[in-house]
Amino acid sequence: MLYLVYFFSIILVFAFQTSALPKILPSDTLPDLALLCAFYFGLKMKEQSGVALATLIGFFQDCLSGGIFGINTLSKGIAGFLAAFLRSFVPMNNVFPLGVCITIVSLLDGIIFYLITSLFTKREIVQDSLFHSLPTFIFMNLISASILFPIINKLSRKFEDKPQPTFTFDQ
Amino acid sequence: MQKKNSKGKKFFTTLSFILIISFALISFSQKLRGNPTFFQSAITTLIFPFQTFFDSAIQKTEDLFDGYIFLTNVSQENETLKKEIEKLQNQRNKLIENIFQLQREYNILQRPMESNRKSIMASVIGKDSGQWLKTVIIDKGSEAGLVKNSATVTDRGIVGQVIEANPKSSKILLISDNRSAIDAIFQRSRYPGVVFGAGKQMCKMRFVSMEADVKEGDKIISSGMGGVFPKGLTIGTVSKIIKKKQGLFQEIEVVPNVDLSRLEEMLVLLPD
């Protein structure tokens, strides 16, 4: 049941990201809700399941995006992996470490896009626009995470069979 | 210690799994060269009703908000009059929106009529799901006759081209995307070059010889080479000219004629 809720939420997040979000935030740089979902699942679920779901989110995004197929599978998979990896070392129960981790995965998302695109399209990518929009992208992701995470938390608590602890990512 | 080692192994296996899957997909997509896979078509079709739902919900909210703003101006009026005004105001807003939409569509339709080329009007229903690419999704697909590489335009000029035609929707690569390249000429001096996407709302024209007569404000049009865009469609205007001391070509910054951040409708030029 919970996985079905997650699946449906991901579909809704993608529909929202591609249609409503550009109208609500008429900015050139938008937050990547898929990246945040991937990070959340990596943090919240069991290691392998979290990373697998994050990779699946990336695969979904690749299907919807017009870019090189596999680029989002890689970046979102790595976001999920990093979340699962970092939570073993850093307690993710307050805003600061979460913010730092989201900043890291947002940076990685941009860098992976840049590296893979330059590698596979064999064309010079204009770095200026990419790296100028990174700070705004990170800021947008941080703000969106503070809204999105409690929503998914609430949803998952509602549909989960077992009672869950309050807002903490420690397993 | 053993537990730590097994955890490290687990992480290594997971990371390898992600890398293998991703690079396999990347290689696979390079082989397919942009043709949509079963998964791409299936997921785009699955998301399409939700996208149209969100799109119309936002539109309705905007209408409602407009209606409310107008209503506050007549707060002194009695209840019946208020309701009547709200009703009329909403109708008026809808009519104005229809007039604007028809005006835009009429303006867009003017250009292809000149060349008698088959075309189809489409509305933008979404943007790319990622941050780094400049693509939009339109509400017409292969069922309406769209095919890959069809050019898309507005009354102001070139928007981009179809890179993926699904049954009910299509993906358009905007001219500002890094992967976009259009063979072009300067309208005034007729010197050739290639317009590349530069991200954000900008393009760059490359391979323009040092001797070429170029001035800021010059219009750039499509040359008709390459078979995607007909000759003479406006691409943009020269905003900056960079002439390096050592180099064969000038580098020219181009502002697209179409406001790519506010696209609502566009015309897809179908192949002859």
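Tutor: Two strands are said to pair if DSSP finds at least two bridges between them, and helices (H or I, at least four residues) and strands (E, at least two) are DSSP runs, numbered from the N terminus. This is a predicted model, in which local features need pLDDT of at least 70 and side-chain atom pairs count only at pLDDT 80 or more, while totals for chains, interfaces and linings use all residues. Residues are numbered from 1 along each chain as its sequence is written, and chains are lettered from A and ligands numbered from 1 in the order in which they are written.

Student: Which strands of chain B make up the closed barrel, and in what order do they run?

Tutor: The closed barrel has six strands in the order E6-E7-E8-E11-E10-E9 of chain B, and their pairing is antiparallel. From one strand to the next the twist averages 40°, where axes are lines fitted to C-alpha atoms (for helices over the stretch in contact) and angles run from 0 to 180 degrees between N-to-C directions.

Student: What makes E10(B) and E11(B) a pair?

Tutor: Strand E10 (residues 234-242) and strand E11 (residues 249-256) of chain B are joined by six bridges in the antiparallel sense, and because the criterion asks for at least two bridges, they count as paired. Lys240(B), for instance, stands opposite Glu253(B) in E11(B).

Student: How do you know that E3(B) pairs with E4(B) and also with E12(B)?

Tutor: E3(B) and E4(B) share four bridges in the antiparallel sense, with Gln161(B) of E4(B) as the bridge partner of Ala151(B), and a hairpin of two residues joins these strands. E3(B) and E12(B) are antiparallel over three bridges, and here Thr152(B) stands opposite Val268(B). Strand E12 (residues 265-269) also pairs with E1(B), in the antiparallel sense over five bridges, where Met266(B) is the bridge partner of Ala122(B).

Student: Which residues of E3(B) point one way, and which the other?

Tutor: Ala151(B) and Val153(B) point one way from strand E3 (residues 151-154), Thr152(B) and Thr154(B) point the other way, and all are buried. In a regular strand the side chains alternate between the two faces of the sheet.

Student: What makes H3(A) a largely enclosed helix?

Tutor: Of the 18 residues of H3(A), 15 are buried, so this helix is largely enclosed by the rest of the structure. Helix H3 (residues 47-64) reaches 26 Å from its first C-alpha to its last, close to the 26 Å expected at 1.5 Å a residue, the expected span being 1.5 Å times one less than the number of residues. In chain A, which has six helices and zero strands, 47% of the 171 residues count as buried.

Student: Which residues touch the most other members of the largest nonpolar core?

Tutor: A nonpolar core is a set of buried Ala, Val, Leu, Ile, Met, Phe, Trp, Tyr and Cys residues joined through C-beta atoms within 7 Å. In the largest one, of 53 residues, Cys37(A), Ala38(A), Phe39(A) and Ala79(A) touch the most other members. Helices of both chains each supply at least two residues, including H3 of chain A and H1 and H2 of chain B, and H2(A) gives the largest share, 10 residues. A second, separate core of 43 residues includes Ala122(B), Ala151(B), Ile185(B) and Leu233(B).

Student: How many residues of each chain are in contact across the interface?

Tutor: 46 residues of chain B are in contact with 50 residues of chain A, and H1(B) gives the most to chain B's side, with 13 residues.

Note on methods: A residue is buried if 20 or more other C-beta atoms lie within 10 Å of its own, exposed if 12 or fewer, and partly exposed in between; C-beta atoms are placed from the backbone. Two residues are in contact if their C-beta atoms, placed from the backbone, lie within 7 Å.
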